[in-house]
Amino acid sequence: MDTIEAIKTRRSVRKFSDKAVEPEKIQTILEAVQAAPSWSNMQCWRMVVVQDTETRAKISDLSYVESFFATRGYKSNPAQKGIADAPVVIILCGIPEQSGELNGQKYYLADTGIASENLMLAAHAVGLATVFVGVFDEEKLGDLLEIPPGVRIVGLFPVGYAQTEAKAGPPRKPLEEIVYYEKWKE
């Protein structure tokens with residue numbers, strides 16, 4: 001699969017089959033994260049790979065923050081069940097001190113954002129599915145996984161084989177709405 005095709009065909013998947021994921025495919029995904037560019041090549045990301053069923057269920061429980069979803073009309077996090085059902089969950093973390101900060105901009109977020117995209121595209125390229133889950137109880141999740149204080153949990157990525165064939169992607173805004181040339185123009 002070429003890069004542009006992977007970008008255009010990757011989908012967020014929330015329902016996974018119970019088929020086990022081959023270790024070499026997980027290794028490929030982890031190496032893709034490792035290869036991501038970062039501020040001064042400091043590589044501030046760290047990953048916790050969870051395959052234990054009980055731990056995945058606890059992670060799923062912690063991915064629901066009632067105040068966030070209740071205000072949006074949800075009774076639960078739409079990706080929550082996928083976390084428990086996926087055979088693997090990768091927790092992506094960032095160490096802010098191992099990245100740059102300039103004019104109040106914390107670049108560990110950019111670094112881990114780039115790494116996240118590498119993770120999702122690599123999963124897609126090896127025939128796996130995933131979804132970015134960004135709402136969770138960071139403190140309790142950190143305690144569960146024994147993540148040291150000061151390390152920020154940036155995202156949860158359930159990984160596995162999609163339960164059903166991926167559908168066409170949602171509509172995208174036309175380029176005319178999101179691209180300006182030379183200067184910002186409304």
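**A walk around helix H2 and beyond**

Let's start with helix H2, whose buried residues are Ile-26, Ile-29, Ala-32 and Val-33. Because these four cover an arc of only 115° around the axis, they sit on the same side of H2. Keep in mind as you look that this is a predicted model.

Now turn to the other side of H2, where you'll find Pro-23, Glu-24 and Gln-34 exposed.

H2 runs over residues 23-34, which makes 12 residues, and at 1.5 Å a residue they should span 16 Å.

Next, hop over to Glu-101, which has its place in strand S3 (residues 101-102). Which residues does Glu-101 touch, if you leave aside its neighbours within four places in sequence? Its contacts are Trp-39, Lys-106 and Tyr-107. Take a look at Trp-39 here: Glu-101 and Trp-39 are 62 residues apart along the chain, yet their C-alpha atoms are separated by 9.3 Å.

Last stop: the surface around Leu-175, a residue of helix H8 (residues 175-178). Is Leu-175 buried or exposed? Its relative accessibility is 58%, and exposed means over 50%, so Leu-175 counts as exposed. Together with Ile-178, Val-179 and Tyr-181, Leu-175 makes a nonpolar surface patch of about 430 Å².

Technical notes
Residues numbered from 1 in each chain as written. Predicted model: local features only at pLDDT ≥ 70, side-chain atom pairs only at ≥ 80, totals over all residues. Heavy atoms only, no water. Patch = residues over 30% accessible without salt bridge, like charges linked within 9 Å, V, L, I, M, F, W, Y side chains within 5 Å. Areas by Shrake-Rupley, 256 points an atom, 1.4 Å probe, with all protein chains shown as cover. Salt bridge = Lys/Arg side-chain N within 4 Å of Asp/Glu carboxyl O. Helix = DSSP H or I, 4+ residues; strand = E, 2+ residues; numbered from the N terminus. Buried < 20%, exposed > 50% of the residue type's maximum accessible area, 1.4 Å probe, protein only. Expected span 1.5 Å × (residues − 1). Arc of directions from axis to C-beta. Contact = heavy atoms within 4.5 Å.
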